[in-house]
Amino acid sequence: MDIDNLIFECSGMKNGEKIPVVNTGRGQDISPEFIIKNLSSHAKTLAIILEDIKHPLFKEFTHWFIWNIPASEKVEAAIPSGKVVPGLGNARQGIGYGWYKYAGPKPPKGKQHLYRFTMYALDREIDLKGFPIKSFFIKKAKGHIIQQGSIVGNYE
């Protein structure tokens, strides 16, 4: 199955730019708003993963992971914590640096890290049992991802 490119914007930043303080662990630590530009009409759900891709100990360190967001051209900012997010169509949040919540960038002072928001459009909901981590989601979502895109930002 070919995966089409998903184009989206992240509020307050463009690809390659600094992540706004409000979306970091040194600010309000709230998730940004996402605007999707070319969402497939076949998409049923969205998933978003935030990773530190320049972490010195881990190749890709997961900060936040949310899935089963109803497919829409906009995902509001400030998604609340919790395993289930009732106000977002019962979307699910998993375990990363943020346990069942958004946990924005917060590298050691004076160290710049790169962070990647990856968004997936899927043709169905994904049911994860037990310990919901990114690798389990990716394995279970294989074959159901119809679009995928990413935005990279930095923060120090």
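Ile30 sits in the loop that links β2 (8-10) to β3 (34-36); helices (H or I, at least four residues) and strands (E, at least two) are DSSP runs, numbered from the N terminus. This is a predicted model, in which local features need pLDDT of at least 70 and side-chain atom pairs count only at pLDDT 80 or more, while totals for chains, interfaces and linings use all residues. Residues are numbered from 1 along each chain as its sequence is written, and side-chain values use heavy atoms, with hydrogens and water left out.

Let's compare burial, where buried means under 20% relative accessible area, exposed over 50%, and partly exposed in between (1.4 Å probe, protein chains only).

| Residue | Relative accessible area | Class |
|---|---|---|
| Ile30 | 26% | partly exposed |
| His63 | 4% | buried |

Ile30 has its C-alpha 7.1 Å from that of Ile79, although 49 residues separate the two in sequence. Beyond its neighbours within four places in sequence, Ile30 touches Val22, Asn23, Ala78 and Tyr102, contact meaning heavy atoms within 4.5 Å.

His63 belongs to strand β5 (residues 61-70). A polar atom of its side chain lies 3.4 Å from the backbone oxygen of Gly104. Outside four places in sequence, the contacts of His63 include Leu50, Tyr97, Lys101 and Tyr115.

Now to strand β10 (residues 145-155): eight of its eleven residues are buried, so the rest of the structure largely encloses it. Strands pair if DSSP finds at least two bridges between them. Strand β9 (residues 113-122) pairs antiparallel with β10 over ten bridges, and His113 stands opposite Tyr155 in β10. Strand β1 (residues 4-5) runs parallel to β10, joined by two bridges, with Asp4 opposite Gln147 in β10.

Notes:
A polar contact is a pair of N or O atoms within 3.5 Å; within protein, one must be able to donate a hydrogen and the other to accept it, and residues adjacent in sequence count only if both atoms are side-chain atoms.
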